[in-house]
Amino acid sequence: MSRNRNNSAVGPIDWTIIGVWIFFVVFGWMTIYSAAYDASHPMPFDFAKEYGKQMMWIGISVLLAILTLYIEGDFFAKFAWVIYGFFLMLLVLVLIIGKEVNGAKAWFGVGSFGIQPSEFSKIGVGLVLAKYIASIGGGQLKNMQSRLVSAAIIGMPAGLILLQPDVGSLLTFVAFVFVMYREGLSGNVLIVGFAAILFGVLSIVTGAGTANIPFYGEQSGVWMLIIVLTILAILVLLYTRNFIPPRNRRKMYLIVTVGTIAAASFSYSVSYIVDNILEKHHKERIYVMLSLPVERKDADYNSEMAKITVGMGGVFGKGWLDGPMTQNNYVPEQWTDFIFSAVAEEWGFLGSLILIGAYVFLIIRLMFIADRQRSVFSRVYGYCVACIFFMHFLINIGMVIGLAPIIGIPLPFFSYGGSSLMAFTLLLFIMVRLDSERWSVLK
Amino acid sequence: MEGRRYTLIVIVMTIAVIYLLRIFGLQVVSQYWKDRGTALTEKEVVVYPSRGVIYDRNLRVLVTSQTVYDLMVLPKDVLPFDTMAFCKITSLDLDELRSILKKAVTYPNVRYKPSAVIKQMKPEEYAPIAGELYRFKGFYAQARTLRVYPEKAGALLLGDVGEVTKKLMEKFPEYKKGDYIGLSGIEKSYENELRGQRGIKYVFRDNLGVERQVANGNLDVKAIEGTHVVSSIDIDLQKYGEKLMQNKRGCIVAIEPKTGEILALVSSPTFDPNLLLGRARGANFLALSRDKQKPLFNRATQAQYRPGSIFKIAQSLTALQLGAINKDTRIPCNRALIGCHGSHSMDDLEMAIVHSCNPYFRGVMQRVVEGGRNPKNRFKDAQIGLGLWREQIMKFGFGTNLSTDIPGVKKGLVPSPEYYDRAYGKESWNFSTIYSISIGEGEMLVTPIQMCNLACIVANRGYYYSPHTVKKVGLNGAPRPEFSQKNDVGIRPEYFDVVISAMEKVVGPGGTANGAKLQDIVICGKTGTVQNEPRKDHSVFVCFAPKDDPKIALAVYVENCGFGGTWAAPIASLMIEQYLNDAIKNIEREKHILEQNFLNQ
């Protein structure tokens, strides 16, 4: 509690988190080594290969982590807007001078290395969101104004990322919705979100087919969904009125009617967007995930290969450097977004269980750490870190095992790449530093 | 609001549990993904051994192997690809490619089994494709060996190899689709030795098409190279024989009497064995099989001719052994009974052979068949006599396939009593019915190789070894055991004196084969003129030389060109010259033969 301890990097540091981080980085590097393994370049420090470069990024990240632990927590609160603004500027800059990779201007290219500002921008969003919520008082995201400000904080970088366009990184910003929920946003947001996913999937599935509507002939299948929805709503209105006290009936009529109209128009919009606005490969990826028929024969190649690679693992795995699918490069660029498939093949179900367990442990541990903070700023930031990890975990692993569409985002600490490793390390160690000061200040 | 943490934790846990269940399903419950992975990553590659080389008796290479490449496609691995680029490197046109790919997935071909796109590309054709192939997933090259014939001779003798047919695969289940098998000649009869043993290599194939070993190759089965085979053929003699027989139908069989080794086996017209190689094989095979001169028909072993006068050698020996005559027996040349030629009237055996006296041998056969073994019934007597005759004749190898190592040898026909019973009815025939066989006409059928074998028997004075084309299996090996087994024909050696002496005179002054005489080598031979109504007679000659230490026995058949002494005998003499002297002195004789064309007679 003395100032002496506050300045020290060896204060009440949460070594458990650091232990998990070390586990992830070491396990992650080993997996990259295996996935990118090239018998003619077996040296771990060979910079011609991804594992050599990753070794360098790990070194830099360790330095960044130590550095972060020596920076006072105050600094992050004070300079939150500066950090946010800096990354926002980079996001603007990348649209102008960025290098286009896979159709997205998301990278600053420096030789054979690239820096992806969208990965870092989440740190800025986390800090500013924490600072803003701290300023209005924790758990108070209840009025429209605070929600709009929060949405703007999240929305500005998100909008710039959409311009790149990098749908994957954009989706990870959903993490902040969970944070806002923790800080007072109505739980209906989650219900609406869940309903949106449900109706989205239903409308895409039905929209992939056609329906024969009387008098209108062959129409998109989504109309069938809308008709069924309407009939259900009418049935609900007719048969449930007797169970609802008269004073609540008006409210019920309103909810069912508005809800049905909203669901119907949402379904139609999703179907329309998928058919007419989304790019063809996005549509294909969604179709592949939902097991819908795709025109292009190999559209599901990555997904199929990833599932096969996972399936090859069995209970105990094929052993490090011994996964036939991994060693023979069936999954394109496996060391990046599909890295989990290499873990699953070479370490089996047990390895997958440990990895997923470690992520769940990290996320939940971060939530507990966040909640033990006296400072709202630290707490909100802690939730941001936990929820960002959760979103990456959710999308990345879901994609590999075929439960989410193929969206290129990294698995934290595992996927090859300097930007993501450095950004996630910073994100995490800022929280470790803030946590180490939990007794000293009340912000 | 702290309670909301638990909502978030529940969401995280729920997702984690759903994911773990899904992963458990993929990894532990389902076999489907594992099967697909194994099918993708592991492959059994057949390693074709190099087929054994066939050498001639002087170790000159007759048949060897050359590496060629089959471009294969595994339809299940094919991804959409740049067909134009593919067509460009393979020089296929787009329609061809389409139909090949369609065929590769049409029954009996299936998506997960490889089919050939282009077969047997030469190394120079494959080289430009090799570097580009990685761009086309599902396509790969398979090296294999193709037979080549550097000497361009001995097509039917050496035989050919081809892909196994469905029928052959049913018969020999160890062969798989795409395997090659010897179809004729030495390639067929020594298939087991030549082919070696297929190996199996287990490999990964990554998506760049690079193959890597599974388990460091510990599971692999090494291919065992085919055994080399040393043929008994003297390729110079073979080629010279083919040259002499140019523009003629017929054949030459040359055997070393002491061993039964076939020195040359010419069937004319012949063709360059290299025609039946590679991608041109199909078209060339069709053309050859439609050729009216039947180049694919091995006249030396499959043509069954009436024996003609040369059969009188066998008749003489049989009659002597059966005691029907002795060498001093004289029989009048009664041309009322059967036609004859030349001026003679009361020959003894030796002169009868020299003159090829038909009435004499009619008389000899009569004594053999009507031996008085059943004095009461002429018919039964003839039956017994013919039976004894046949038994002896078959000891010479007539009516048998001689147990050679040449596929498809015909047996010919030695009529048995039962044969005539069927033809004329039981006890309804006697010598006067069947007398024409006495001079080698009538029902009797022989093959040229049997006639050459007869010459060997005379040269050896009473025995022969089964004629064979392979001297050694393996460079330091031995012939098959059955070929070192002596076949005794059961004729007392001294009976051969008179026959050999007569055969010497045939080639001597005034003999029917005087045109075959050589200055420095004594040839013993016998001409024959096989009647072949309505077409012209076949000219036939059998011989061996030198008389005192026979090194070569020959049977020469020239179809539809006339008298035996005119064409077949000089050809035989030139062959002897070539084999024993390695040089031709009788240039005029050679020129005369080479100029003839009997193909259209």
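**Figure 1. Where chain B meets chain A.** In this predicted model, 30 residues of chain B are in contact with 38 residues of chain A. On the chain B side, the elements that give two or more residues are helix 1 (4-29) and helix 2 (32-41). Helix 1 of chain B supplies the largest share, 16 residues. Sorted by class, the side of chain B that touches chain A holds 18 nonpolar, five polar and seven charged residues.

**Figure 2. An open sheet in chain B.** Here we look at five strands of chain B, arranged in the order 12-11-20-19-18 with antiparallel pairing. Which strands stand at the edges? They are strand 12 and strand 18 (524-530) of chain B; each has a single partner strand, so one side of each is left without a neighbour in the sheet. From one strand to the next, the twist averages 5°.

**Figure 3. A closer look at strands 18 and 19 of chain B.** Strand 18 and strand 19 (residues 538-545) of chain B pair in the antiparallel sense, and seven bridges link them.

Figure 4. Helix 21 (residues 568-581) of chain B lies across strand 11, strand 12, strand 18, strand 19 and strand 20 (552-558) of chain B. Against strand 20 of chain B, helix 21 of chain B runs at about 145°.

Figure 5. Look for A:Pro165 in the loop between helix 7 (144-163) and helix 8 (167-172) of chain A. B:Pro269 sits in the loop that runs between strand 12 (261-268) and helix 11 (281-290) of chain B.

Figure 6. Most residues other than glycine have a negative phi. A:Leu321, though not a glycine, has a positive phi of about 70°. You can find A:Leu321 in the loop between helix 14 (301-311) and helix 15 (324-327) of chain A. B:Asn247 is not a glycine either, and has a positive phi of about 60°. Its place is the loop between helix 10 (235-244) and strand 11 (250-256) of chain B. B:Asn247 is partly exposed, with 13 other C-beta atoms within 10 Å.

How values were computed
Residues are numbered from 1 along each chain as its sequence is written. Chains are lettered from A and ligands numbered from 1 in the order in which they are written. This is a predicted model: local features need pLDDT of at least 70, side-chain atom pairs count only at pLDDT 80 or more; totals for chains, interfaces and linings use all residues. Helices (H or I, at least four residues) and strands (E, at least two) are DSSP runs, numbered from the N terminus. A residue is buried if 20 or more other C-beta atoms lie within 10 Å of its own, exposed if 12 or fewer, and partly exposed in between; C-beta atoms are placed from the backbone. Two residues are in contact if their C-beta atoms, placed from the backbone, lie within 7 Å. Ala, Val, Leu, Ile, Met, Phe, Trp, Tyr, Cys and Pro count as nonpolar, Asp, Glu, Lys and Arg as charged, and the others, Gly among them, as polar. Two strands pair if DSSP finds at least two bridges between them. Axes are lines fitted to C-alpha atoms, for helices over the stretch in contact, and angles run from 0 to 180 degrees between N-to-C directions.
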